[in-house]
Each structure stands twice: as structure tokens, then as C-alpha cells.
Amino acid sequence: MASSRRHVGGRRPSLESQQALLAWFRTNGPRYPWRITERDPYAVLVSEVMLQQTQASRVAEAFPAFMERFPDADTLAVASRAEALRAWGGLGYARRAAALQEAARSIVREHGGEVPSDVESLLALPGIGPYTASAVASIAFGVPAAAVDTNVRKVMARLAFGAEPDEVPAPDVAAAAARWLSHEAPGDWNQAVMNLGRDVCRPIPRCDVCPIATACRFRAGGRVPRRSARRQPAFEGSMRQARGGVLRELRGRDRAATIRGIAAALGFPVLRVDLAVDALERDGLVQRTGSGRVRLAR
């Protein structure tokens, strides 16, 4: 639980620490396919939406094929929902595919097919939150906006305050992220902090390979890291598993399917599949036909 005491201030950034982290990122950062297209704002938007709640290695497999099928906002905007969902493949959390397509339609309708460059306009797009808006603005357009996700919160809480992220109020962590942001290379900086949090500043940090360990208050204070008490809910038997199974079955079919047929293919109870279809229909991902069959939304 976050402390009620305000952690005003925090360790101030140093030019040496900023340069060390940027050098580490530029030397050691993975060469993911979306890094090759960082000057294409649409490609950056696609990659950032895909990366929400999904491992980068899985996105690296899906991103090239999606971009080949939908190389720009115009192409994605005019596609059917079923086409977008099929191209999304097995990335999971398929609502993101629907939101990305709605964002593309807004971009075409309201911005002439060009991804907007300012954070406020990006936030107005369907499915785009503060983190994604700041990431796209900084990476694609060089806007000095700090992108704060779970990894960045962890790094900033430890670096600037010598604390775990749940011990520092969120506004203080966000303010520290903004102070430490490199205005000369905001896109690289945001990606560097994200990568640091994912690969080095883990729940049990690898301080021996951290490029900014000498500036870290957590390390200097001799804090003993602790693992998060939060546990991911079990996937087996979950509604998420059922929803994913239904979408997987429908992506592989040319025709609408019956609830019983989907249940038999998945080995799930009919009621469970029926409830999953109800939820997917509410999200605009599938449709029931007049005969009661189910298909991907059009």
C-alpha cells in the first residue's frame, strides 16, 4: 500500500546518469522490428498497442505480418473487424485489436490518415491511455513526454526515492520520471527505462549490470528487495481462456459455428462457451447470426 506521506523531490537526475543509460540502451537494446520503423508514427502506434500486457518476444513475431497486411491507418480503417482479428492472431486481449482499428478510423476521419503528434490528441483516440500516448509522442515525434508504465514506476521509485513503487505516491513517481526524462532523446530514454525495468531492475534487481547503479538510492540505502505479493489469476479454467479459445476457433473457420461445435472443439462445457460468446459479443468481437451461430464480427 502506498504511503500517505508525500515523497516530494527525490534524487535529481545527473547528465552522467542520463548518458550512461542512453549508451547502455543504444548498445544493448534488443533490435525489435518496430525499432526499425521508429520514424513511422503508425508503426509505433501499432507496436505500442501490441506491447500492452504482452511480452515483446511475442509481439516481435506478430508485428511484421500485421504491418504487411495493414501498412497504414487507411488500410486498417477500411478492413472488416474479422480481418483485423485474424491478423491479430494469438497475441491475446483481442479488444486491443478492435480498439486499434477504431483508433485508425478516428485517425483517418479526424486527422487525414496521419497519426497526431501531441499527447492530448493521441489520448482522444479509442483505446489509447496516458502511457501509450506518451510513448508514441516521444518515440515517433520526439515530444518530451515521460511514458510511465509498471517497469518505469519500479525504476523511478527505486532510483529517485530508494523505495519500492507501492511505497511512493503515483504522482511523485510520475514527477520524478518527468524530471529524469532526456529532452534531447525522449523516445530513446523512455524505451531505455522500460527495458531497464524489464531486464535489469527486476523484483530482485541485477544491480551488478545496471548502468545507473551508482545513482540509485535504493542500492545506496542497502534496501532488501521484496517480491510482489500480487499473483496473476490462474489462466486455466478462466473466462480469459474461454474467450481466447472461442476467438481462435472462429479465426480458423470460414463459416459461422454453433456454440456446441465450438465447445466440442475446445473441450469446454457449452455453458462456459456461451458465456464467453456473450462477453465477446458485448466487446464487438463476435456476432450471433439469426440462426444462433457465431462468427467473427464484421
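This is a predicted model: local features need pLDDT of at least 70, side-chain atom pairs count only at pLDDT 80 or more; totals for chains, interfaces and linings use all residues.
## An enclosed helix

A residue counts as buried when its relative accessible area is under 20%. The buried members of helix 2 are Pro41, Tyr42, Ala43, Val44, Leu45, Val46, Ser47, Glu48, Val49 and Met50.

Several other helices contribute to the cover over these buried residues, including helix 3 (56–69), helix 4 (73–78) and helix 5 (81–88). Helix 6 (95–111) and helix 8 (130–141) are also part of this cover.

## The ends of helix 2

At the N-terminal end, helix 2 is capped by Asp40, which places a side-chain oxygen 3.1 Å from the backbone nitrogen of Tyr42. Just after the helix, Gln53 adopts a positive phi of about 60 degrees.

## The nonpolar core

Tyr42 of helix 2 also belongs to the largest nonpolar core, a group of 91 residues. Tyr42, Phe66, Met156 and Val246 are the residues with the most contacts inside this core.

Which residues does Met156 touch, not counting those up to four places away in sequence? They are Phe161, Val173, Ala176, Ala177, Trp180, Trp189 and Val193.

Met239 lies in helix 13, which covers residues 239–251. With a relative accessible area of 35%, Met239 is partly exposed.

Key:
Residues are numbered from 1 along each chain as its sequence is written. Side-chain values use heavy atoms; hydrogens and water are left out. A nonpolar core is a set of buried Ala, Val, Leu, Ile, Met, Phe, Trp, Tyr and Cys residues joined through side-chain atoms within 4.5 Å. Buried means under 20% relative accessible area, exposed over 50%, partly exposed in between (1.4 Å probe, protein chains only). Contact means heavy atoms within 4.5 Å. Helices (H or I, at least four residues) and strands (E, at least two) are DSSP runs, numbered from the N terminus. A polar contact is a pair of N or O atoms within 3.5 Å; within protein, one must be able to donate a hydrogen and the other to accept it, and residues adjacent in sequence count only if both atoms are side-chain atoms.
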